[in-house]
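Here is a briefing for a first look at this structure. Take a moment with the sequence and the model before reading on.

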Amino acid sequence: MVHRPGAALAALLAVVGLVACTPANPAEPDEPSGAGEPVASQAPAEPVGSKDVGVQLFQWTWDAIAAECPALGEAGYGWVLTSPPNEHILGEAWWTAYQPVSYRVDSRLGTREEFAAMTAACADAGVGIVADAVVNHMTGQDAPGVGWAGSHYDHYDYPGLWSDVEGHFHHCGLTDNDDIASYTSAVQVRTCELVNLADLATESEPVRARLREYLADLVSLGVSGVRIDAAKHMSSADVEAITAELPEDLLVISEVIRGAQEPIRPEDYTDAGDVLEFAWGRDVAGIVKGGALRLALELGSPEGSTTYLPSDAAWIFVDNHDTERGRQTLSYRDGQDYALANALMLAADYARPVVYSGYAFSDRDAGPVQDADGAVLDATCAPGVGPDADDDDGSWVCQHRWPLVEGMVGWRAAVGPAGEDASTSVDGRVVTVSRGPRGWFAASGNLEPTTGRYPTGLQPGPYCDVAAGPLTPEGQCAGPTVEVDAGGFVEVTIPAKSAVALHVGARPAG
Ligand code: LM2
Ligand code: CA
């Protein structure tokens, strides 16, 4: 079975009851109304209600995700990417999660029951769960040990699951220690070991069958999708075989890090489903720092200078748990530039976005805050999270609640996919995006506030600037109110390296 990327997303959204619906009173993609026309005669535009935004809640417990889901759904997020849910090695570092010991859904992030309760609570809030599936490898430990749930293991022996004598592991014999030495060799990348991690023989049918069973178990627990970790280290045929029996509507997102000069390409994996496009986050970092923001909205488009995955197969992100620990992308430490990059991602027409949300760290290996037994403590978001907050190590950065990020998630949910009334214009380092009568967005790469008068497709009247955050629970603007005049024009001051965002779903009450 072949997953069709666009169809898989539509189906995911349908599963959680979020499929884009045509408003009862469709807004006309008209020119702004002429001066003198009475405002009351205008048919109000309505949000089109598409929720294609994911959020990676890195190292959040199942209980904490369940508690966050109502707010996520309210903000306009469609799904959560979790950390791996299966049994893993012991230890404080975050990356213990990437060394599986068994496929028991029992980890320091929560039990099987808690996982199931999370998928149910999130479904109630209209939010899907996508689980990170580590299926390329097992542990990288040379000494035997015991996993989180009590399973005994040795590097190449996982009793009742995998064993060397049955041929479940690769020993590539191509490098000194069987580790991958060169990414220009596809056979090394796929059959040698990634940092000593015991590499499963994913071309063999018994291995594939057991991995299919694990993914089916996740589906039985209510997931709407899976991220295939280290997909580059398996052939695309292996990924297709392992995911072949998943329900047609399940989201499959392969992690294939794009690398220059490498023979294995993200494009090779689109038959299994969607693929993460790593180039977007790398490219946007320099663009936002430089300030020519127009380029960020061209990434992946035919006018852009880069070759990316096709839009309908791609998921993009400003950073993830790996890249925030490297130097190639922006991260929460970049403050306002980072918030702006997220806003541009959410305003872009290319692909679909994944917001990242983790915890502050100075040591690359440092895990999330844990109790004496190693169980991760439930994440909480402090009031006032945002680009200027000074986060102590271990505190939850809650990027998904930063006002500009959350406001733009609501903007995207309200304006829906770019239709024929979508347009973009550039004025120096200011770029504006119009989504006809549903929304308007302006971002500035200037280092000083920029004041200007701009045309929009919005109906006249007051709108909340959601760059300052979504509507308050009382229906008030979180920040400034912007008046759209009778001709459809706005006069706004865009703060330095920031944005102004207006949409039909966020208008001041009264
Ligand atoms: C991934 N995608 O392909 C994950 O996104 C990434 O976070 C994982 O690496 C990697 N693949 C394997 O799943 C992380 C982390 C590594 C860590 C591994 C395994 O970035 O640093 O490696 O997980 O836990 C650690 C040590 C490494 C050691 C290895 C095996 O850092 O020095 O290698 O464990 O013991 C001898
Ligand atoms: Ca492999």
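Start with tryptophan 95, which sits in the loop that joins β2 (77-81) to α3 (112-124). The model is predicted.

- Tryptophan 95 counts as partly exposed because its relative accessible area is 29%.
- Beyond residues up to four places away in sequence, tryptophan 95 touches Ile89, Arg364 and Asp365.
- Alanine 366 is 271 residues from tryptophan 95 along the chain, yet their C-alpha atoms are 8.9 Å apart.
- Glycine 457 is found in the loop between β16 (450-455) and β17 (461-464).
- Is glycine 457 buried or exposed? With a relative accessible area of 12%, glycine 457 is buried.
- Glycine 457 is in contact with Ser434, Gly436 and Pro437, leaving aside neighbours within four places in sequence.
- The C-alpha atoms of glycine 457 and aspartate 421 are separated by 8.5 Å, and the two residues are 36 apart along the chain.

**Nonpolar cores**

- In soluble globular proteins, nonpolar side chains tend to be buried together.
- The largest nonpolar core here holds 126 residues, and Ile65, Trp162 and Phe441 touch the most other members.
- Helix α9 (residues 335-347) gives this core its largest share, nine residues.
- A second core stands separate, with 13 residues, among them Val484, Val490, Val492 and Leu502.
- What does tryptophan 162 contact, beyond its neighbours within four places in sequence? Its partners include Tyr103, Met138, Tyr156, Phe169, Leu200 and Leu211. Asp157, His168 and Arg210 are also among the contacts of tryptophan 162.

- Aspartate 199 counts as buried because its relative accessibility is 0%.

**Largest pocket**

- The largest pocket contains about 770 Å³ of space.
- Its lining is made up of 29 residues, and Leu194, Glu255, Ile257, Asp322 and Arg364 lie nearest the centre.
- By class, that lining has ten nonpolar, eleven polar and eight charged residues.
- Arg364 is one of the residues nearest the centre of this pocket, and Arg364 is also touched by tryptophan 95.

**Second largest pocket**

- The second largest pocket contains about 500 Å³ of space.
- It is lined by 22 residues, with Glu74, Ala75, Pro470, Leu471 and Thr472 nearest its centre.
- The largest share, five residues, comes from α10.
- Twelve of the lining residues are nonpolar, seven are polar and three are charged.

**Enclosed space**

- Rolling a probe the size of a water molecule over the atoms shows where empty space is left.
- How many cavities of 30 Å³ or more does a search of the whole structure find? The search finds one.
- The largest cavity has a volume of about 130 Å³.
- Residues lining the largest cavity include Gln56, Trp79, Leu81, Asp132, Arg227, Phe317 and His321.
- This lining divides into six nonpolar, three polar and three charged residues.

Note on methods: Residues numbered from 1 in each chain as written. Chains lettered and ligands numbered in written order. Predicted model: local features only at pLDDT ≥ 70, side-chain atom pairs only at ≥ 80, totals over all residues. Heavy atoms only, no water. Core = buried A, V, L, I, M, F, W, Y, C linked by side-chain atoms within 4.5 Å. Buried < 20%, exposed > 50% of the residue type's maximum accessible area, 1.4 Å probe, protein only. Helix = DSSP H or I, 4+ residues; strand = E, 2+ residues; numbered from the N terminus. Contact = heavy atoms within 4.5 Å. 1 Å grid on protein atoms, 1.4 Å probe; cavity = no way out; pocket = protein on both sides within 12 Å on 5 of 7 lines; lining within 4 Å. Points joined across faces, edges and corners; volume = space filled by probe spheres on them. Nonpolar A, V, L, I, M, F, W, Y, C, P; charged D, E, K, R; others polar.
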